[in-house]
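Please keep the sequence and the 3D view at hand while reading.

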Amino acid sequence: MGARRGVAGHPIVWGGLLVAFALQVLLAARMKSATFDEPAHIGAGLSYFRTGDFKLNAQHPPLLKEIGALPLLAIGARWPVPDAIWRQVSDPPPVWLQWQVGSEVLAANGPDRVLFWSRLPFIGLAAALGACLYLWGRRLFGAGTALAALALYVLDPTIVAHAPLVATDVGFAFFVLLFTALLWHYCEHRTLRRLLWCGAALGGALGAKFSAVFLLPIALILVLAAARFIPAAVPRQASNLVDPFLAPGLFTRSVWGVWALLAMGAVAAVVVHALYFFPANPFVYLEGLKRVNADHDTTYMAFMAGEFKPHFWTYYLVAILLKEPLALLALAAIGGWRLLQRDTMASLDRTFLWVPPAAIFAAYTIFSDNLGIRYMIPVLPFLHLAGGAGLAAILRRGGWGRVAGIALLALLVMASAGIHPDHLSYFNEAACLPSDLAGIGADGGTRCGPSWLDDSNVDWGQGLKQIRDWSAGRPPVHTRFAYFGSLPPEQYGIAWERIGTDDLRERPPAGRYVLSGHMLARTRALLRLQHGDGPGNWIAGLRPMAIVGHAYYVYDLP
């Protein structure tokens, strides 16, 4: 057992796993066009450095957009908006302007070139998230369980899909886990240096996404739990700002814990202010917080399982159960059950492991729009830790337990390989049960995904290069394109006629139709709600002649 722990703890082993992960992500990203939000984030980030204004995409804090723009500054990317025109832009600007500016940045510098350089640091952030997962998991459970958790992380299609994107989800997840792990380290051994590092990580999270405000009550719960579970110093000493838990009295320890948390908040405020280039307005962050979801259509109806509603309370639960591999879910259930047992870990460790993901899950379920499993990415590393504990427990049993553990790990490898490079569209086999068993394949139940969810769960505009290459060697045909993305397809040489779901409510004219997974999901559901299985539902039973990149469904209507 000691030898195995030594191997699992060797930097070459876990570091090599992260290198393989980064190469896998980079290879897949090179085959993908810009997703819906990437042009807006790239253009906004470049505008901050070129103009000093934070007008574009103010509904998100600047950190991750600045990270995506830094490589563009290094390569001398051209800013396409003249100063005279920029000065005329109102504050706040029109919602559509962020996408227009972003599209112009990509067009002026080449979309593939811009995406390659802007995505590179996000691949690094995803690798850093994996390293943080492993290092904290090793402190909590040991090297074997930590390595198992890291393996689940690097094989998770959701992680691989979103890791390279110039977006807020994986970067925010990194800072959430980093802050949680650093706060745990601080509670284990309180020093001024660790307190300052906690504040810096909290500032990074607040600078990555406004959803980080939910970390404040989470941190308060964790600090109060530390006041409850950490033993007092012997001999007795007085609590202080750096070490709130020296004194024996729970009330005193709690008060000093709150003061320590406020000190972390002060450090975080300095970090956030620096990300806005130390503006004269000290409330610029709060003004941005008021603009959250400013680009969301308030009349938009979310889609799930053939229904449309303003909000589904079970949306993220369904998304996790259908878009995470079944083997991972099984291992997380086994590990979660084991970690809930009283003798498996300390009470404070259990609090740190369960409270942050549960609170984030609840906050997004209550307050966010139902736009994709991507909002759950900060929860997934905790799921991987639980799954790692489950896998390690199974392997330790030997015999059939070891066979079962290896089999589950092999299924994860097959799921990741079977969907490559189209990880964003992945659904597990349960999506096709019980009515469409024929849809199950090497890619899991991905073909059944549009029957359950839409938006970034199935297609986010990332497949333009693949549909271009698919059509290049075929005879030219007048094609109508139901596209879900913000970057003009013309930047990839696609000049097809653009249509929307309204154009598909009646049987369209004969010809070739390319429907994104998002458009297909909503069209199927709308026609079924209006016509059932009657003749008006022209797409019912119609099979696509091709599915390109697991995102574009090609139909030839006679």
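The points below treat helices, the nonpolar cores, paired strands, cysteines and aromatic pairs in turn.

The model is a predicted one. Its largest nonpolar core has 148 residues, and the structure holds one disulfide and 23 aromatic pairs.

**Helices**

- Helix α17, residues 347-367, has 21 residues. From its first C-alpha to its last it reaches 29 Å, close to the 30 Å expected at 1.5 Å a residue.
- Buried residues of α17 include Leu348, Phe352, Pro356, Pro357, Ile360 and Tyr364.
- Helix α8, residues 143-154, has twelve residues and reaches 16 Å between its first and last C-alpha, close to the expected 16 Å.
- Eleven of the twelve residues of α8 are buried, and the helix is mostly covered. Among them are Ala143, Thr145, Leu147, Leu150, Leu152, Tyr153 and Val154.

**Nonpolar cores**

- In soluble globular proteins, nonpolar side chains tend to be buried together.
- Within the largest nonpolar core, the residues with the most contacts are Phe21, Trp136, Tyr153, Leu183, Ile467 and Tyr552.
- Another core, of 13 residues, lies apart from the largest one; Leu504, Tyr513, Leu515 and Tyr553 are among its residues.
- Tryptophan 136 is in contact with Leu177, Thr180, Ala181, Trp184, His185, Phe352, Phe382 and Leu385, leaving aside its neighbours within four places in sequence.

**Paired strands**

- Strand β7 comprises residues 552-557, and because five of its six residues are buried, β7 is largely enclosed by the rest of the structure.
- Strand β5, residues 511-516, runs antiparallel to β7 and is joined to it by six bridges. Serine 516 stands opposite tyrosine 552 in this pairing.
- Strand β6, residues 546-548, also pairs with β7 in the antiparallel sense, over three bridges. Here valine 548 stands opposite tyrosine 552.
- A hairpin is formed by β6 and β7, with three residues between them. In the turn, glycine 549 has a positive phi of about 65°.

**Cysteines**

- The disulfide joins cysteine 432 and cysteine 448, whose sulfur atoms are 2.0 Å apart. The link is right-handed, with 105° about the S-S bond.
- Both cysteine 432 and cysteine 448 are in the loop between α19 (399-419) and α20 (464-472), 16 residues apart. Cysteine 432 and cysteine 448 are buried.
- Cysteine 187 and cysteine 198 present another case: the sulfur of cysteine 187 has its closest cysteine sulfur in cysteine 198, and because the distance is 7.5 Å, the two are too far apart for a bond.
- Cysteine 187 has a relative accessible area of 2% and is therefore buried. Cysteine 198, at 0% relative accessibility, likewise counts as buried.

**Aromatic pairs**

- Phenylalanine 54 and tyrosine 276 have ring centres 5.2 Å apart and planes at 55°, so the pair is tilted.
- Phenylalanine 54 lies in the loop between α3 (38-51) and α4 (63-74), and tyrosine 276 in the loop between α13 (250-275) and α14 (284-289), so the pair ties together parts that are 222 residues apart in sequence.
- Phenylalanine 54 is buried, with a relative accessible area of 16%. Tyrosine 276 is buried as well, with a value of 7%.
- The rings of phenylalanine 481 and tyrosine 552 have centres 5.5 Å apart and planes at 65°, so this pair is edge-to-face.
- Phenylalanine 481 belongs to strand β3 (residues 479-482) and tyrosine 552 to strand β7, so the pair ties together parts that are 71 residues apart in sequence. Phenylalanine 481 and tyrosine 552 are both buried.
- One aromatic cluster is formed by Tyr48, Phe49, Phe54, Phe210, Tyr276, Phe277 and Tyr285.

Conventions: Residues numbered from 1 in each chain as written. Predicted model: local features only at pLDDT ≥ 70, side-chain atom pairs only at ≥ 80, totals over all residues. Heavy atoms only, no water. Helix = DSSP H or I, 4+ residues; strand = E, 2+ residues; numbered from the N terminus. Expected span 1.5 Å × (residues − 1). Buried < 20%, exposed > 50% of the residue type's maximum accessible area, 1.4 Å probe, protein only. Core = buried A, V, L, I, M, F, W, Y, C linked by side-chain atoms within 4.5 Å. Contact = heavy atoms within 4.5 Å. Pairing = 2+ DSSP bridges. Disulfide = S-S within 2.5 Å. Phe/Tyr/Trp six-rings, centres within 6.5 Å; stacked < 30°, edge-to-face > 60°.
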